[in-house]
Amino acid sequence: MSRSVLVTGGNRGIGLAIARAFADAGDKVAITYRSGEPPEGFLAVKCDITDTEQVEQAYKEIEEAHGPVEVLIANAGITKDQLLMRMSEEDFTSVVETNLTGTFRVVKRANRAMLRAKKGRVVLISSVVGLLGSAGQANYAASKAAMVGFARSLARELGSRNITFNVVAPGFVDTDMTRELSEEQQTKILAQVPLARYARPEEIAATVRFLASDDASYITGAVIPVDGGLGMGH
Ligand code: NDP
């Protein structure tokens with residue numbers, strides 16, 4: 001059965017791998033992008049998730065082309081790393097605005113049609129850092145930890161409507177985001193990962209697709225680590 005799937009930030013990195021996984025399985029996949037040329041093979045809608053009006057427009061476009069969104073993957077996210085002492089209020093609020101409030105916006109808009117359909121799958125892409133904490137990433141970690149409380153509250157609120165909310169917490173994945181880390185940071189990180197390597201984006205995508213599949217019909221409010229063992233026990 002071909003479902004209407006939306007992946008925010010599906011134009012590159014983990015989001016693109018997730019979009020490909022759903023498309024390969026025969027779903028109708030829409031992705032958001034902000035600038036440049038989006039990848040081919042998807043319905044690409046221009047949308048900055050910090051802007052409610054753009055989110056509304058994107059959903060309208062998707063609904064017209066693919067029907068109401070049945071599977072939402074809230075993947076778009078940013079980092080603005082800085083030690084607390086040097087972290088400006090803007091560094092903090094902009095990360096929360098994208099990662100948390102942006103997620104709220106896309107989930108809230110998807111919920112309307114999911115309630116009507118009496119079914120829906122929502123997967124939020126958090127991070128192992130939200131559970132472990134990370135020096136220099138207080139803004140990012142706070143936003144990613146908050147996604148867990150958000151998802152679990154909605155799992156309780158909307159479970160009886162057959163809508164599941166799950167969180168995937170990736171460890172370090174080989175994307176633009178991690179390529180920005182210094183060599184010293186990368187060596188330190190890898191020393192802590194039992195599997196001793198970064199994840200490939202496809203390894204995150206496989207878990208996301210599982211959570212949206214029939215095989216995961218009784219899983220909600222879960223936080224699934226895909227982190228090579230980095231966050232074990234958290
Ligand atoms: P990238 O930096 O490669 O890509 C980020 C994506 O988010 C891009 O598609 C970007 O769009 C989109 N995005 C950012 N801000 C906005 C916005 N305001 N509106 C719409 N889209 C936006 O990141 P990754 O692929 O590495 O990360 C994807 C998700 O996974 C993020 O939530 C990240 O926090 C999380 N994650 C990543 C890990 C890693 O090691 N890479 C580890 C754990 C979690 P655009 O191209 O327009 O900038």
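**Before you start.** The model is a predicted one, in which local features need pLDDT of at least 70 and side-chain atom pairs count only at pLDDT 80 or more, while totals for chains, interfaces and linings use all residues. Residues are numbered from 1 along each chain as its sequence is written. If you colour the chain by pLDDT, the predictor's confidence in each residue from 0 to 100, the mean is 96, and 100% of the residues reach 70 or more. The model scores ipTM 0.99 and pTM 0.98.

**The ligand.** Select the ligand and the 30 residues around it, of which Gly9, Gly13, Arg34, Gly77 and Thr175 come nearest; a residue is near if its C-beta atom, placed from the backbone, lies within 6 Å. Two or more residues of this shell come from each of helix 1 (13–24), strand 2 (28–33), helix 3 (89–117) and helix 6 (176–179), where helices (H or I, at least four residues) and strands (E, at least two) are DSSP runs numbered from the N terminus. The shell holds eleven nonpolar, 15 polar and four charged residues, with Ala, Val, Leu, Ile, Met, Phe, Trp, Tyr, Cys and Pro counted as nonpolar, Asp, Glu, Lys and Arg as charged, and the others, Gly among them, as polar.

**Helix 1 and helix 8.** Next, select helix 1 together with helix 8 (residues 201–211), whose axes come within 8 Å and cross at roughly 50 degrees. Helix 1 is therefore oblique to helix 8; angles under 35 degrees count as roughly parallel, over 145 as roughly antiparallel, 65 to 115 as roughly perpendicular and the rest as oblique. Axes here are lines fitted to C-alpha atoms, for helices over the stretch in contact, and angles run from 0 to 180 degrees between N-to-C directions. Among the residues that meet are Gly13, Ile14 and Ala17 in helix 1 and Pro201, Ile204 and Ala205 in helix 8, contact being C-beta atoms, placed from the backbone, within 7 Å. By class, this contact has ten nonpolar, one polar and two charged residues.

**Helix 2 and helix 3.** Now show helix 2 (residues 52–66) with helix 3, whose axes come within 10 Å and cross at roughly 40 degrees, so these helices are oblique to each other. Thr52, Val55, Glu56 and Tyr59 of helix 2 make the contact with Arg105, Val106 and Arg109 of helix 3.

Terms used. Two residues are in contact if their C-beta atoms, placed from the backbone, lie within 7 Å.
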